[in-house]
Amino acid sequence: MNDPADDASALPPEIEKLLRDLTGGAPLDPQLTSMMQGMGLDKVDPQMLAMVMGQVQAMFSAPESEHAVNATLATDIARKTVSAQGDTIATSTDQREAADAVQVAGLWLDAVTDLTTPGLHGVAWSAAEWVESTMPVWTDLVEPIAAGVTEAVTTALGSQLEQLGTLENLGDASIPGLPGGIPAGMLDQAGPMLRRMHGSMFSMQLGQGTGTLAGEVLTGCEVSLPLVPAPTVALMPSALRTFAQGLEVDEPQARLYLAVREVARVRLFGAVPWLGPALLAAVRDYAADISIDTNAIEEAVRSIDPSNPEAVQQALQGRMFAPQPSPAQQAALTRLETWLALVEGWVDVVTDRATREHLPQADALGEAVRRRRATSGPAEKAFEALVGLELRPRRLRDAANLFSALEDSGDATTRDAAWRHPDLAPSAADLDDPLGYVERTSTPTTDDMDAALDALLRGEDPA
């Protein structure tokens, strides 16, 4: 008969030590050793094992954080993602061309809109620079969602551990080497550890999503969120070149066209102070009422293959959120989609007006951008799985038609007046009936209270 010590010695010392620590230093049962070997842990690369062991120890020993998202971890994963994709540092020529394009774009836009933000300057960024600059906004956006998901997953996993830790619930499926079930001390640590573990997993997913998106975006705020605040206007030269080559259009024209679009976005967010917060608030409102499908999570947890280090992430992917959004979530989602469409619709219209006389390929570039926004790429799909919503302006053409109709009814000032107050901005219903919105806003009515106030200001007797 083999000595259990001989069986245990077949495992790496790190694994053996971890198992002995979990069982209070008792000798390892040969069946447990055999199971570990069957999972292939006796053949794990020592360096990888050391890294995994360090992460496990950190999960147990790290202090609780008040944040569900680890911004440092997300940024690190995102930077590694863009590095693996072959990130390119912007050259001095790229910087000069970006600065010149933004300056020209500003002059062209001055001729077609009075909405402006002073002091804008153009920069050329690598994907890593985009990650570093935008990650604070991303982490702020997904924090409420991460908190809800992490709590639900922790509850589901904790429930499974409690069942394993109770001998009465184990029946004949007792765990070899753990004659008393899972130690109580381990169960006490499970909750905080599981929260840290899933928080880390969520942060890693966020990093992968932003890292992938960083390799796809053409400009800093292309996703229609105020990710890069004024006065910076960021162009992504590497992605821009790929975009121009794919369309077989002139690169300088593509750069100028995209610069006009980005300057228009940054001007809009700067000149309409309520717009950026309204977009971010819509995302947070969606997250505040998020519903987690705990049954699906528990089913996923039961199906996890413990020999696969990515099993948890794969099992939970796309299964965390309830199939149907709540009424409050649907309202927030409708509001978000409307704001996104209005931003890009307005940008479409003013970019067309600013470039039509200057860029021969403006129409082709505009259509290419609209097609690009109408289809979701890998990064957008990753965010949809991560936070349960899409960041796409579904009604872009409707919004562009509305702003064009406003302009036709008056002028550019009439068009831009739609942004003067959130209560006066077009709604989702207005996108269904743009001519009705134009008629209503072009013939304002004055109620009795306003008339009385006007009379008092003129020094007249309101009676």
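Accessible area here is the area worked out by the Shrake-Rupley method with a 1.4 Å probe. Keep that in mind for the opening number. This is a predicted model. The protein exposes about 22700 Å². Carbon and sulfur atoms supply 54% of that area.

Now the overall build. The protein has 22 helices and two strands. It has 463 residues, and 46% of them count as buried. Next, contacts. Take those between residues at least 6 apart in sequence: 82% join residues at least 24 apart.

On to the core. In soluble globular proteins, nonpolar side chains tend to be buried together. In this model, the largest nonpolar core has 97 residues. Which residues have the most contacts inside it? They are W130, W138, L275, W346, F403 and W419. Helix α7, residues 127-165, gives the largest share of this core, 12 residues.

Look at W130. Leave aside its neighbours within four places in sequence. W130 is then in contact with a list of residues that includes W125, W138, L213, L227 and M236.

Now charges. The count of salt bridges comes to 25. Start with R267 and D110. Their closest N and O atoms are 2.5 Å apart. This pair links distant parts of the chain: R267 sits in helix α11 and D110 in helix α6, 157 residues apart. Are the two partners buried or exposed? R267 is buried, because its relative accessible area is 5% and the cut-off is under 20%. D110 has 43%, so D110 is partly exposed.

D348 is in helix α15, residues 327-355, and R370 is in helix α16, residues 362-374. They are 22 residues apart. D348 counts as buried because its relative accessibility is 7%. R370, at 24%, counts as partly exposed.

This pair also belongs to a network of salt bridges. The linked residues are R261, E262, R265, E344, D348, E367, R370, R373 and R397.

The closest N and O atoms are 3.0 Å apart. D398 has 28% relative accessibility, so D398 counts as partly exposed. R395 is partly exposed too, with 26%.

Now the backbone. The peptide bond from A230 to P231 is cis, with omega near 15°. P231 lies in the loop between α9, residues 184-214, and β2, residues 232-235. S224 is in the loop between α9 and β2. Its phi is near 70°, a positive value in a residue other than glycine. S224 is buried, because its relative accessible area is 0%. E248 has a positive phi as well, near 55°. E248 lies in the loop between α10 and α11. Is E248 buried or exposed? It is exposed, because its relative accessible area is 72% and the cut-off is over 50%.

Two more residues. S404 is in helix α18, residues 396-409. S404 has a relative accessible area of 19%, so S404 is buried. Its side chain makes a polar contact with the side chain of R353, at 3.5 Å. Beyond its neighbours within four places in sequence, S404 is in contact with V349 and R353.

Last, D430. D430 is in helix α20, residues 428-432. It is buried, because its relative accessible area is 9%. Which residues does D430 contact, leaving aside neighbours within four places in sequence? They are L402, A425, Y437 and R440.

Key
Residues are numbered from 1 along each chain as its sequence is written. This is a predicted model: local features need pLDDT of at least 70, side-chain atom pairs count only at pLDDT 80 or more; totals for chains, interfaces and linings use all residues. Side-chain values use heavy atoms; hydrogens and water are left out. Helices (H or I, at least four residues) and strands (E, at least two) are DSSP runs, numbered from the N terminus. Buried means under 20% relative accessible area, exposed over 50%, partly exposed in between (1.4 Å probe, protein chains only). A polar contact is a pair of N or O atoms within 3.5 Å; within protein, one must be able to donate a hydrogen and the other to accept it, and residues adjacent in sequence count only if both atoms are side-chain atoms. Contact means heavy atoms within 4.5 Å. A nonpolar core is a set of buried Ala, Val, Leu, Ile, Met, Phe, Trp, Tyr and Cys residues joined through side-chain atoms within 4.5 Å. A salt bridge is a side-chain nitrogen of Lys or Arg within 4 Å of a carboxyl oxygen of Asp or Glu.
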